[in-house]
Amino acid sequence: MRPKFVKSAIAALLFFSLSVYFTYYFQATLRYLGLSPSSYFALFISSPFNMSTEGNLLYNLYLPAVLIFSVGFYLKNFNRSFQKKCGLRWIFTFSIAASYVKSWLSSLYYIGYADYGISLGTSIITLSFLAAFVISLEVYVEHKEKYEHLYGRFMFAVIASLIAVVAVLALSSFFLRTNSYVVHLIGLTAFMVMFILYYERSNIRRFWLDGEMALLSVKRREKAAQLPSR
């Protein structure tokens, strides 16, 4: 069977094109439309792909594009088990969504610092793909069937912890306004929350149904206990 790489190439090309457009041509488009390129809306919309504050094309454009292609190619051809639960399309979507979450929180984090405080750049998309790749390696863990019964509870604990981390980071942003690592942690954590909720959707649905069945069983027993004995 021939390796499949078309979708991976499209994803990498899409990232490359959006990054180039929003960094070098988006402002000209806004001026042509009579809109302000320095408005909050313009900066926020362009933020996941705008490299104007980063300046290193190798680390912020070329290598991330190669990473996106490589992860997509790897999942499509060598890790079908992972892709059945979360494919390249969803990883890309969640990484962009997480970058917007980062941009929104950074506008609170850096408020009054510069340009509405919105954090620009492709770093969250890059970190998200790295995180997805690392998580995908769990399929190769030896004897993992011994631990599969723990996955559900473990993932719920992870989700709860990540949500708590987001809340803590959001609060700490008002006291640590110039530390970019906090913004990156917010973006990566936002990606992990969305990713895990989707990746573990079957376990979440099963957990929810099991809880409803248990509650129904309790109600039936209580109702039976209230019935008068003959």
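Me: Is Ser 128 buried or exposed, and how do I tell?
Reply: Look at the relative accessible area: under 20% means buried. In this predicted model, Ser 128 has 0% relative accessibility, so Ser 128 counts as buried. You will find Ser 128 in helix 6, which covers residues 123-136.

Me: What does the side chain of Ser 128 reach?
Reply: Follow it to the backbone oxygen of Ile 124, at 2.7 Å. Setting aside neighbours within four places in sequence, Ser 128 is also in contact with Ser 95, Leu 188 and Phe 191.

Me: How should I read a pair of aromatic rings?
Reply: Take the distance of the centres and the angle of the planes. The count here comes to 20 aromatic pairs. In one of them, Phe 92 and Phe 129, the centres are 6.1 Å apart and the planes lie at 70°, so the pair is edge-to-face. This pair links distant parts of the chain, with Phe 92 in helix 5 and Phe 129 in helix 6, 37 residues apart. Both Phe 92 and Phe 129 are buried.

Me: Which pair is stacked?
Reply: Phe 191 and Phe 195 form a stacked pair, with 5.6 Å from centre to centre and 20° between the planes. They are separated by about one helical turn because they sit four residues apart in helix 8. Phe 191 is buried at 0% relative accessible area, and Phe 195 is buried at 1%.

Terms used: Residues numbered from 1 in each chain as written. Predicted model: local features only at pLDDT ≥ 70, side-chain atom pairs only at ≥ 80, totals over all residues. Heavy atoms only, no water. Helix = DSSP H or I, 4+ residues; strand = E, 2+ residues; numbered from the N terminus. Buried < 20%, exposed > 50% of the residue type's maximum accessible area, 1.4 Å probe, protein only. Polar contact = N/O pair within 3.5 Å; in protein donor to acceptor, adjacent residues only side chain to side chain. Contact = heavy atoms within 4.5 Å. Phe/Tyr/Trp six-rings, centres within 6.5 Å; stacked < 30°, edge-to-face > 60°.
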